[in-house]
Amino acid sequence: MTRLKERDICNISSRLEAYDRELLSKTGHTLFGIACHACGREEISLAPRVTSFTIDVIPITSGQGIISNFSETIAAILTFLGFTARVAGKTDTSGIANAYENGADAIMMADDERFVGIHLARRRVVDNSEATGRVFAAVLDLMSRGIKDRNVLVMGCGPVGESAARTLLAYQARVALYDIRPSAAQSLKNRLSAHGSGKKITIEENSIPGPSKYGYVLEATPSSNTLPDQWISPDMVVAAPGVPLGISKTGCRLLKDRLVHDKLELGVAAMAVSLVP
Ligand code: 2YG
């Protein structure tokens, strides 16, 4: 799992309005709308309930410690979406205890292993990797005006790629799995096939299967330059939750508005919407 750096997130809070407009033009939906789509929630009916839903973001000092602006950025994304969110005044145990004592509906916090949201009364845990894979698959579904029966290449078979593949199969897409470790792709196929979608899953052996083969790519690797420029075809659509971005600056220019990538916004939005009962 990639650990974010302060420079990865320092511009997020100030660019939320612009990013929302960018998502609207690329997908036809706002940040909140995409998160609702990913969670199977009705945007119109959910929106009024969000303002009274309180979320405390708790800085966690364990392991490699605090990432400056991490908690503040999460609170800014939640507030932008309409939630009542704040960064807890205390870190760690004290912050968690205070959230319960102050009657917060939910908390969000991350150590070096996991980034989670927890609904305090319902004991519901939502994991950032799961939510991120799910919401970027939802982005492909929206950008393709329906990913059903399309061929999608999922690059990276870790927790984010797994969640994305699972979601794409639920959307009835055909999924090809690629990972730098072929055994990771195979074991993911085995896990996903257990639910009967085996015939919709193939393994992509080589990392550059050629432009014509896949019109849709979900790039979920923790590496850069996984999608070579010469592979990008004129109508390719890419949703890229992987950090760092696996596409070069040239590749981004080639893809133009057919690429969605961010390092926190969509995953946090999907986590928050998942927590609202
Ligand atoms: O509270 C803090 O400031 C730190 N304990 C946060 C540490 C977060 C470590 N994890 C990551 O940087 C990423 N896995 C977060 C999610 C990236 C987007 N999917």
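The protein chain holds 11 helices and 11 strands, where helices (H or I, at least four residues) and strands (E, at least two) are DSSP runs numbered from the N terminus. This is a predicted model, in which local features need pLDDT of at least 70 and side-chain atom pairs count only at pLDDT 80 or more, while totals for chains, interfaces and linings use all residues. Residues are numbered from 1 along each chain as its sequence is written, and side-chain values use heavy atoms, with hydrogens and water left out.

Some values for the whole protein chain are collected here.

| Property of the protein chain | Value |
|---|---|
| Span of the C-alpha trace along its principal axes | about 55 × 35 × 35 Å |
| Buried share of the 277 residues (buried: under 20% relative accessible area, 1.4 Å probe, protein chains only) | 53% |
| Share of contacts (heavy atoms within 4.5 Å) between residues at least 6 apart in sequence that join residues at least 24 apart | 62% |

Leaving aside residues up to four places away in sequence, Leu78 touches Ile55, Val57, Phe83, Ala85, Met108, Val268 and Ala272. In soluble globular proteins, nonpolar side chains tend to be buried together.

Definitions and conventions: Buried means under 20% relative accessible area, exposed over 50%, partly exposed in between (1.4 Å probe, protein chains only).
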